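Let's take a walk through a protein model together. Have the sequence and the 3D view ready, and follow along one element at a time.

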Amino acid sequence: YQALHAAMQKMTLKASDDPECADNESAQDFTDFDLLQTVRQCGIGTVCLDEAHHLRREWQKALEQFLQQLGGSVQVIALTATPPYDSTGGEWDNYIRVCGEVDEEIFVPQLVAQKTLCPHQDYVYFNMPTESEAQILFARRARARQTAEQIASSGLLKPLADAVRGDETFACRCPDGTQALLDAADGAVAMKTLQAALACVFENPECFPPQPLEAMRELLSRGGVLEKGQVCLLSTDKTDKLLLSSAGKLDSIRSILSAESAVLGEEMRALILTDYIRREQLGLIGTDAPLTVMGAVPAFEAARRAVGRHVPLALLSGTLVILPNETLDAAKQCAEQKGIDCTAVPLAHAPYSEVRFAGSNKNKVSVLTELFQKGTIRALVGTASLLGEGWDAPCINTLILASSVGSFMLTNQMRGRAIRIDKAQPDKASNIWHLVTLEPVQDGQEEPGADFEVLQRRFEGFLAPDHTAAWIENGVERLHLPAMPMDERQMRQINGQMLSRAQDRPTMVSLWKRALGKDPAPQVLDVCEIPQAAFSAAPARKNLIGAVLSALLYVGLFAVPSTVVRILATGLLIAAAVFFARWRSICTPEKYFRKAGTLLLDVLRARKALHSAGEVYVRAMPDRGSVYAAVRDASVQDKMLFSKAMGTMFSAIAQPRYVFLPPDEKQARAVPAVLDRKKEDALAFADGMKRLFGKGSCIYVRGQKEQRTLYVCRKASALNKAQCNARYKKIVVPSAQT
């Protein structure tokens, strides 16, 4: 794509300035090359865009121009294992303009079922910050706490809160922030509440009096908790980065490698990926000096101290390669066979050498990959930018992610290094380790820290078995972690559990087999996870009362010695049976949400919002206090659309265009976005919901005059009072069981 961009611009493609770039070739001159004419002369009719996730910015623009000038004469096929789902809206639009909408998505569990990828599992190893890092965190937290106390005693919160108190329009626009501001003004000084309150204020400065606003800004600036106009009471960019790249993770690398080596022995092929090389730390290799920063060199030294005596260990980056002296002959022989020159310079304090290869990065990567595959090297430390994408070493069975990358696309690329099948090891199963630094628990600390938030974001993109059950889903919940934040005792306990589970690879493989069943093509469902608090017993109770009253009236009338009355009483018996059947269909959360999903599915089909057949799938998850709802046997787009619509129905009312309002205002529901663009669709939704909630009307609430209605609905809604918010997940269900 970079070369195509240069060719379209008729410019010279310079050699990469990034030393970690594997394709760091010499410059290429396209100034006299006509790419479009060449393609037309060759009669090319199909363009295949591999690794299409790169097509989001400048390279996408050049490719789009290229395809437009070909005039629609080519068929475009776009392939990627990691669609850029977490891109900005503009980047996603760029991607879709060239690649088109997703036609087919194949998920990792489906490839495991077909034995195209190997069974694997994710594990987390926690650590606390080093002493020096903890001191920085404690100092920042003390400043934030002191600033919060100054804010509480300054009297500035009251005039800010009074400015929006009773303003229903503002409350509808910023509901959570308004409530937090009112609570803070009334004396609630919890850091999370204060953070939400002040964020609301500074995001809407035009709504507040300038004098207290400027005084608050000055107070926050003096306390060092205002960065680039953003309130940072809970954390700052500096402390977030400190956690993400904590040197405490080096101890985690030692523990993991020691445990994996003890179990796998000579079969271990471990890869540790980091973000930075840290060449200036080279003099520490072979010494007992403390390791105080995270990077490839410190990680290499941490691994050497843990397993270096019995595990051949190497480092591979764009500008630095380190090999054990005992492997130098094999490395030189391999390089010679490939026509690559190399030299070795011994390190001062350890039996290792820095090896320099002639040519581009491809040469050094080629040689070390072969040594790794053969087992001459059994553990390899490298940079994520060089080895995290596109590098193929199927032998990897242990991956340690010591990188701070949290995006779906890049994390999945790194994770993909370990889950490929290995023809030399047909029974291969891989362990993938995620390193997380926790923020120390002190003085009522409520949050586990930025590193754990990155972990949660990462796990949204992974589908693998639950740690203890034959059930495949995404999300961090499948790890069964304790409630956050956790202290050091809990941390050591969970780390021990993770090591114990990781040592039992046969059980992990068994979980995959049991979860997938014998079906080679299991279904992946887009699930709406609904909190059980969203369950309403009112409709069931109403039907039960109707059934009881009808039955009692029937008994009373049947006692009358009149044939006509008894015949009429039969109608009450039928009514009692109908009421009872309705009660049974919605008397439990699982049945209630299945009924709601079925009604929603009927409406979506009737309004032609869904374009494929489908059936509602519901599963109670009592241990999580929730119910999973999805539609199965449908297209990818329809599964996602149904899940979002179901989630809107059973989440707190936010900013919908229409609200369904039954006689009982507690049951007010937001109309899903897919049905709120046309009034006819919203009315159809209301008609469908009447079968569950009884009579009701559909009200437009987006206009200025209707803000009062929205405010009343939000205030009365049981979903808002319980702060119910659905979450979205993916699960795997064997087709044979669906």
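How many bridges join strand β8 to β13? Five bridges do, and these two strands run parallel. (Two strands pair if DSSP finds at least two bridges between them; helices, H or I with at least four residues, and strands, E with at least two, are DSSP runs numbered from the N terminus.) This is a predicted model, where local features need pLDDT of at least 70 and side-chain atom pairs count only at pLDDT 80 or more, while totals for chains, interfaces and linings use all residues. Residues are numbered from 1 along each chain as its sequence is written, and side-chain values use heavy atoms, leaving out hydrogens and water.

Find β8 at residues 270-274; its Thr 274 has Thr 383 of β13 as bridge partner. Strand β9 (residues 313-316) also runs parallel to β13, joined by four bridges, and here Leu 313 stands opposite Ala 379.

Now look at β13 itself, residues 379-383: five of its five residues are buried, so the strand is largely enclosed by the rest of the structure. (Buried means under 20% relative accessible area, exposed over 50%, and partly exposed in between, with a 1.4 Å probe and protein chains only.) Ala 379, Val 381 and Thr 383 cover one side, with Leu 380 and Gly 382 on the other.

Next, visit helix α15 (residues 328-337), where Leu 328, Ala 331, Cys 334 and Ala 335 are buried. They span an arc of only 130° around the axis, so they lie on the same side of α15; the arc is that of the directions from the helix axis to the C-beta atoms. On the other side, Asp 329, Glu 336 and Gln 337 are exposed. After α15 comes Gly 339, with a positive phi near 75°.
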